[in-house]
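Subject: The structure I promised you

Hi there,

My notes on what turned up follow below it.

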Amino acid sequence: MKTTKEILNKSLEGRRLDRDEVVLLLNQREPEVVNEIFTAARTLRGRYFGNHIFAYGFVYFSTYCRNECSFCFYRKSNTEPPRYRKTTEEITALSKALADSGVHLIDLTMGEDNAFLKKPQRLIEVVDRVKTATGLPVMISPGQVSEATIDALKKAGVTWYALYQETYDRALYKKMRLKQDYDARMNIKKYARSRGLLVEEGLLTGIGDTVESRADAMMAMGDIGVSQVRTMTFVPQRGTPLEKRRTGGSVNELLNISVMRLLYPDKLIPASLDVEGLVGLKERLMAGANVITSLIPPKTGLAGVSQSELDIDDGSRSVDGVLPELEKCGLRLATRDEYQAYIDREMAVS
Ligand code: SAM
Ligand code: MD0
Ligand code: SF4
């Protein structure tokens with residue numbers, strides 16, 4: 001049996017960890033040992049990315065959804081969330097404001113809203129306008145779309161397709177993404193990658209997942225050809241079946257971030273402001289994340305996904321709001337050229 005130190009050294013030497021080693025790391029709880037894992041993750045991040053961090057603007061432009069994900073505030077039958085659908089003009093103006101604030105990318109996200117899914121042209125128009133107004137790369141997080149829509153999005157110049165499997169345990173998936181086909185969700189990501197889009201994969205944690213299921217997912221997610229991998233702690237939502245579920249804090253998310261960094265040292269790994277807001281940023285960066293996601297323009301009535309209101313109106317989920325945190329970690333905001341260089345590099349990998 002290897003020690004944690006031996007496993008971390010193996011990773012620092014550039015060798016890929018195996019499943020047993022990943023399980024051993026994910027099982028650590030001693031603060032000193034956990035810190036050694038975080039330190040190794042930061043070393044690897046520094047090797048590939050220096051001290052620069054990327055920042056993503058988040059525009060949740062429609063909160064209507066046809067699905068019933070058990071974990072989600074915006075599931076169709078929930079009467080609690082604010083439902084809105086922004087116009088193309090509004091989405092463009094919000095994106096422009098985010099671009100002016102200094103983000104590197106605009107993430108256009110929606111519930112699985114049939115008003116867009118059944119009229120992909122509407123989605124394309126939004127992408128066109130946002131690209132022209134901001135000059136920034138665009139990520140689209142529209143849920144599961146058809147192959148034809150992926151083709152059209154690629155043609156419109158979309159850079160990233162984000163679609164999270166949440167878990168690679170099919171039984172657990174079934175309880176989370178109710179009535180959504182596991183393979184169809186997986187396959188459309190592979191298709192998007194094959195058409196030249198960059199793909200982001202993601203895992204939810206604190207929702208019935210185990211160390212073993214997380215290890216399986218982390219080992220396998222590289223096979224899709226991912227360029228960004230995320231993990232977020234489940235946040236119970238009012239009005240949903242899991243409203244009263246207790247979760248065990250963010251330690252598993254932090255370990256997931258670190259172990260993902262060890263497995264995918266040259267990929268992007270988000271520190272999402274949508275789980276614990278600004279106060280949770282530093283520990284996610286110290287665990288090895290290198291993208292701050294879910295920056296939201298203040299006072300525009302836009303929502304987060306898992307924290308629909310936290311830190312939004314007071315403006316702390318903004319580039320200016322996160323800069324002091326970056327500094328505390330000895331990090332800095334990347335330039336747009338540095339972000340573009342990453343995209344170019346990932347695009348060149350087939
Ligand atoms: N509707 C699209 C979809 O589901 O793919 C796009 C929205 S996507 C940004 C929503 C993601 O946020 C989910 O895939 C999940 O990983 C995360 N999420 C949703 N509800 C959450 C919650 N209650 N706690 C933590 N993360 C959550
Ligand atoms: C985030 N709330 O980055 C967003 C969202 C969708 N691509 C991202 C989950 O945390
Ligand atoms: Fe809809 Fe996405 Fe929420 Fe599922 S996670 S209910 S698809 S918005």
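A word to start with: contact, or touching, means heavy atoms within 4.5 Å. With that in hand, take Ser308, which touches Phe73, Tyr74, Leu302 and Ala303, not counting residues up to four places away in sequence.

Some ground rules before going on. This is a predicted model, in which local features need pLDDT of at least 70 and side-chain atom pairs count only at pLDDT 80 or more, while totals for chains, interfaces and linings use all residues. Residues are numbered from 1 along each chain as its sequence is written, chains are lettered from A and ligands numbered from 1 in the order in which they are written, and side-chain values use heavy atoms, with hydrogens and water left out.

Back to Ser308. Its place is in the loop between strand 8 and helix 14 (319–328); helices (H or I, at least four residues) and strands (E, at least two) are DSSP runs, numbered from the N terminus. Ser308 is buried because its relative accessible area is 14%, where buried means under 20%, exposed over 50% and partly exposed in between (1.4 Å probe, protein chains only). Gln307 is found in that loop between strand 8 and helix 14 too. Leaving aside neighbours within four places in sequence, Gln307 is in contact with Val235, Asp274, Val275, Ile312 and Arg317. Gln307 and Gln237 are 70 residues apart in sequence, and their C-alpha atoms are 8.8 Å apart in space.

The axes of helix 4 (residues 88–101) and helix 6 (residues 120–134) come within 9 Å and cross at roughly 35 degrees. Here the axes are lines fitted to C-alpha atoms, for helices over the stretch in contact, and angles run from 0 to 180 degrees between N-to-C directions. Is the crossing of helix 4 and helix 6 left-handed or right-handed? The crossing is right-handed, a term used if the near helix is turned clockwise from the far one by less than a right angle (left-handed if anticlockwise). Helix 4 brings Thr88, Glu89, Ile91, Thr92, Ser95, Lys96 and Ala99 to the contact, and helix 6 brings Glu125, Val126, Arg129, Val130, Ala133 and Thr134. By class, this contact has five nonpolar, four polar and four charged residues. In this scheme Ala, Val, Leu, Ile, Met, Phe, Trp, Tyr, Cys and Pro count as nonpolar, Asp, Glu, Lys and Arg as charged, and the others, Gly among them, as polar.

Lys131 also lies in helix 6. Lys131 is partly exposed because its relative accessible area is 27%. Not counting residues up to four places away in sequence, Lys131 touches Leu136, Val138, Ala156 and Gly157.

Now for the rings. How many aromatic pairs does the structure hold? There are nine. Rings of Phe, Tyr and Trp (its six-membered ring) pair if their centres lie within 6.5 Å; planes under 30 degrees apart count as stacked, over 60 as edge-to-face and the rest as tilted. Why is the pair of Phe49 and Phe54 edge-to-face? Their planes stand at 85 degrees, with the ring centres 6.4 Å apart, so the pair falls in that class. Phe49 is buried, with a relative accessible area of 4%, and Phe54 is buried at 1%. Phe61 and Phe116 form an edge-to-face pair as well, 5.1 Å centre to centre and with 85 degrees between the planes. This pair links distant parts of the chain: Phe61 is in strand 1 (residues 52–62) and Phe116 in helix 5 (residues 114–117), 55 residues apart. Ring pairs also link Phe49, Phe54, Tyr56, Tyr339 and Tyr342 into a cluster.

The charged end of Arg122 sits over the ring of Phe116, 4.5 Å from its centre, and that of Arg85 sits over the ring of Tyr64, 4.4 Å from its centre. The rule is that NZ of Lys or CZ of Arg is within 6 Å of the ring centre and within 35 degrees of the ring normal.

Last, the backbone. Most residues other than glycine have a negative phi. Phi of Glu166, however, is near 75 degrees, a positive value, and Glu166 lies in the loop between strand 4 (160–162) and helix 8 (170–176). Phi of Ser294 is near 75 degrees too, and Ser294 is found in strand 8 (residues 291–295).

Enjoy exploring!
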